[in-house]
Amino acid sequence: MNLNRVVITGLGAVTPIGNDVKTTWQSLIDGRSGAAPITHFDATLFKTRFACEVKDFDAETLLDKKEARKLDPFVQYAIFAAQEAMDDAGFDMQAEDKDRMGCIWASGMGGLRSFQECVEDYINDNRTPHFSPFTVTRIITDIAAGHLSIRFGIKGPSYATTSACASSAHAIADAFNLIRMGKADVMITGGSEAAVEYTGVGGFNAMHALSTRNDTPETASRPFSKSRDGFVLGEGAAALILENYEHAVKRGAKIYAELVGAGINSDAYHITAPDPDGNGAKQVMKLALDDAGLSINDIDYINAHGTSTPLGDLAEVKGIAALFGEHAKDMNISSTKSMTGHLLGATGALEALATVLTIHNSIIPPTINHADDDVDEQIPDYLNLTFNHAQQKTVNCALTNAFGFGGHNTCLIFKKI
């Protein structure tokens with residue numbers, strides 16, 4: 001069948017390094033870390049006492065006080081990011097066919113703070129079952145998509161995807177396919193997460209997944225460095241407006257880049273550890289390349305999943321090296337998680353946004369926090385991991401990876417238009 005072309009016409013973000021796209025992007029190319037001591041709760045007794053929190057966020061700048069109180073932070077972040085993206089896209093909503101507009105929005109954890117609060121209230125009130133009527137609608141992961149559909153009056157496909165840290169990359173892939181197949185003209189897509197809570201930090205600490213560099217949190221996320229000791233938990237949201245190319249051209253829209261391919265697969269190896277040889281990573285990138293009709297030589301940049309975990313980073317670079325061979329020497333690779341931390345279910349969308357801006361602005365954001373005496377000998381030294389400083393470079397094609405617990409893998413490929 002003839003597939004429609006899909007382009008990105010709007011971007012929005014609420015992140016640990018900026019509460020809009022402009023600030024977030026500037027922080028990325030400046031190499032600024034969003035990590036700092038936790039303020040959302042008292043983390044004194046936790047193994048990890050820092051995270052990449054959203055800062056200076058005031059929901060009431062967009063939502064009225066009564067409305068904001070009904071929403072978990074992960075939904076608040078979603079609304080702010082999606083509103084920025086819709087404003088950026090510049091639709092005349094009176095002229096749009098809203099039956100042809102949809103929303104696929106992801107979260108890995110959903111309303112974690114709201115869940116904690118309702119359980120605390122139940123226990124502290126002598127187990128009297130006085131639950132808020134908003135308990136369920138503050139917690140469930142699909143509710144952000146529901147709020148966005150209602151907010152913008154869009155009546156096309158609307159649902160959530162949940163695949164751990166691949167969730168929002170899956171959301172983008174699904175939105176991409178719906179437009180390609182002619183099921184929609186416009187999709188709001190992305191993800192949001194607000195898991196910097198005691199259950200989130202405590203749970204990941206118990207898995208030994210988080211860095212414990214409490215004395216120097218700003219340097220704790222150090223992907224591909226030998227001393228990496230775990231990821232830094234982050235929170236926030238990122239939104240992308242995906243649009244049928246002909247629809248975008250007809251209305252004179254600004255176009256950032258084209259989404260040309262998506263790959264989805266599973267490691268089928270372990271519930272939390274990646275395939276140590278990077279086979280799943282290699283195969284999902286190949287699937288995306290095949291879907292896009294591109295060769296390995298077409299890729300100029302990879303925004304890596306790069307979480308700063310000992311096993312994950314090594315598996316990913318093994319997959320890259322195995323697939324790209326000699327061409328790997330000519331590509332740039334970087335992990336923006338070194339600055340934003342790991343936004344779990346929202347990370348795929350944030351890194352897709354960063355990849356789109358890399359193409360649009362011809363600047364590759366760095367992998368920060370690497371020292372010359374901290375080289376991991378297991379990582380091929382010919383890989384250009386874009387350490388510490390942004391690099392000016394024309395990027396025609398770029399891919400971004402997202403891998404989640406359970407072995408879920410997604411790869412998206414964007415192209416200059």
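Me: Which element gives the largest share of the lining of the second largest pocket?
Reply: That's α4, with five residues. Keep in mind that this is a predicted model.

Me: OK, and how much space lies in that second largest pocket?
Reply: About 320 Å³. Its lining is made up of 16 residues, and Glu117, Asp121, Ser132, Thr135 and Arg138 are the closest to the centre.

Me: Which elements give two or more residues to the lining there?
Reply: For the second largest pocket they are α2 (65–69), α4 (112–124) and α5 (135–139).

Me: How does the lining of the second largest pocket split by class?
Reply: Seven of its residues are charged, five are polar and four are nonpolar.

Me: Switching over: how much space is in the largest pocket?
Reply: The largest pocket holds about 590 Å³.

Me: How many residues line the largest pocket, and which are the closest to its centre?
Reply: There are 34 in the lining, and the closest to the centre are Thr272, Pro274, Thr309, Gly312 and Phe405.

Me: Which element has the largest share in the largest pocket, then?
Reply: α11 does, as six of the lining residues come from that helix.

Me: Last one: how do the lining residues of the largest pocket divide into nonpolar, polar and charged?
Reply: In the largest pocket, 16 are polar, 13 are nonpolar and five are charged.

Terms used. Residues numbered from 1 in each chain as written. Predicted model: local features only at pLDDT ≥ 70, side-chain atom pairs only at ≥ 80, totals over all residues. Heavy atoms only, no water. 1 Å grid on protein atoms, 1.4 Å probe; cavity = no way out; pocket = protein on both sides within 12 Å on 5 of 7 lines; lining within 4 Å. Points joined across faces, edges and corners; volume = space filled by probe spheres on them. Helix = DSSP H or I, 4+ residues; strand = E, 2+ residues; numbered from the N terminus. Nonpolar A, V, L, I, M, F, W, Y, C, P; charged D, E, K, R; others polar.
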